[in-house]
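Here is a briefing on one protein model. Look at the structure first, then work through the points by topic.

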Amino acid sequence: DFIEEREAKLTKLLMDGMKEIPAVHILGSQKAEDHHGIVTFKLEGVHPHDVAQILSNGGICIRTGHHCAQPLHIYLGINATCRASFYFYNTEEEVDYFLEKLKGVRKVMGYDD
């Protein structure tokens with residue numbers, strides 16, 4: 001029960017924060033309870049591999065690519081996506097740090113927002 005509650009809380013914090021970033025597009029359900037610690041997203045105008053590299057410079061590791069769902073990506077017309085995941089051992093501060101760094105990715109790529 002503890003693990004499930006912790007994961008749900010972190011996922012909600014993550015998704016609420018991501019929804020406040022205009023260039024972030026969450027794939028799938030917009031309800032945190034449907035994501036179970038894993039959120040797949042795109043950042044407008046930035047290739048997922050660039051997102052991953054920029055976040056990596058800040059000590060954050062995410063997954064990018066097809067995530068074993070290439071037929072779905074083809075159907076959606078998406079080349080690749082980003083995937084962030086949090087689990088019970090992560091902290092709320094780590095979610096906040098991720099969101100802070102995610103907000104800065106487009107600036108690194110030369111966008112004004």
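Arg-106 sits in helix α4; helices are DSSP runs (H or I) of at least four residues and strands are DSSP runs (E) of at least two, numbered from the N terminus. The model is predicted, so local features need pLDDT of at least 70 and side-chain atom pairs count only at pLDDT 80 or more, while totals for chains, interfaces and linings use all residues. Residues are numbered from 1 along each chain as its sequence is written, and side-chain values use heavy atoms, with hydrogens and water left out.

- Is Arg-106 buried or exposed? Arg-106 is buried, with a relative accessible area of 8%.
- Buried means under 20% relative accessible area, exposed means over 50%, and partly exposed lies in between (1.4 Å probe, protein chains only).
- Setting aside neighbours within four places in sequence, Arg-106 is in contact with Ala-23, Leu-43, Glu-44, Gly-45, Val-46, Tyr-111 and Asp-113. Contact means heavy atoms within 4.5 Å.
- Arg-106 also lies over the face of Tyr-111, 3.8 Å from the ring centre. A charge sits over a ring if NZ of Lys or CZ of Arg is within 6 Å of the ring centre and within 35 degrees of the ring normal.
- Arg-106 and Thr-91 are 15 residues apart in sequence. In space, their C-alpha atoms are 25 Å apart.

**Salt bridges**

- A salt bridge is a side-chain nitrogen of Lys or Arg within 4 Å of a carboxyl oxygen of Asp or Glu. How many salt bridges are there by this rule? The count is four.
- One of them joins Arg-106 to Asp-113, at 2.8 Å from N to O. Asp-113 is partly exposed, at 46% relative accessibility.
- Salt bridges that share partners link Arg-6, Lys-9 and Glu-92 into one network.
- Glu-92 and Lys-9 meet through their side chains at 2.8 Å, N to O.
- Lys-12 forms a salt bridge with Asp-16, with the closest N and O atoms 2.8 Å apart. Both residues lie in helix α1, four residues apart, about one turn of the helix.
- Lys-12 is partly exposed at 46%, and Asp-16 is partly exposed at 35%.

**The nonpolar core**

- A nonpolar core is a set of buried Ala, Val, Leu, Ile, Met, Phe, Trp, Tyr and Cys residues joined through side-chain atoms within 4.5 Å.
- The largest core has 27 residues. Leu-14, Met-18, Phe-41, Val-51, Ile-62, Phe-98 and Leu-102 touch the most other members.
- Which elements give two or more residues to this core? They are α1 (2–19), β1 (24–26), β2 (38–43), α2 (48–57), β4 (81–85) and α4 (92–108).
- Helix α4 gives the largest share, five residues.
- Beyond its neighbours within four places in sequence, Phe-98 is in contact with Leu-14, Phe-41, Leu-55, Ile-60, Ile-62, Ala-84 and Phe-86.

**Strand pairing**

- Two strands pair if DSSP finds at least two bridges between them.
- β1 and β2 run antiparallel, joined by three bridges. Val-24 has Leu-43 in β2 as its bridge partner.
- β2 and β4 are also antiparallel, with four bridges. Thr-40 stands opposite Arg-83 in β4, and Phe-41 has Cys-82 in β4 as its bridge partner.
- β3 (residues 63–65) pairs with β4 in the antiparallel sense over three bridges. Gly-65 stands opposite Thr-81 in β4.
- Strand β2 has two faces. Val-39, Phe-41 and Leu-43 form the covered face, while Ile-38, Thr-40 and Lys-42 form the uncovered one.

**Aromatic rings**

- Rings of Phe, Tyr and Trp (its six-membered ring) pair if their centres lie within 6.5 Å. Planes under 30 degrees apart count as stacked, over 60 as edge-to-face and the rest as tilted.
- By this rule there are six aromatic pairs. One of them is Tyr-87 with Phe-88, an edge-to-face pair at 4.9 Å centre to centre and 65 degrees between the planes.
- Tyr-87 is partly exposed at 32% relative accessibility, and Phe-88 is partly exposed at 31%.
- Phe-2, Tyr-87, Phe-88 and Tyr-89 form one aromatic cluster.
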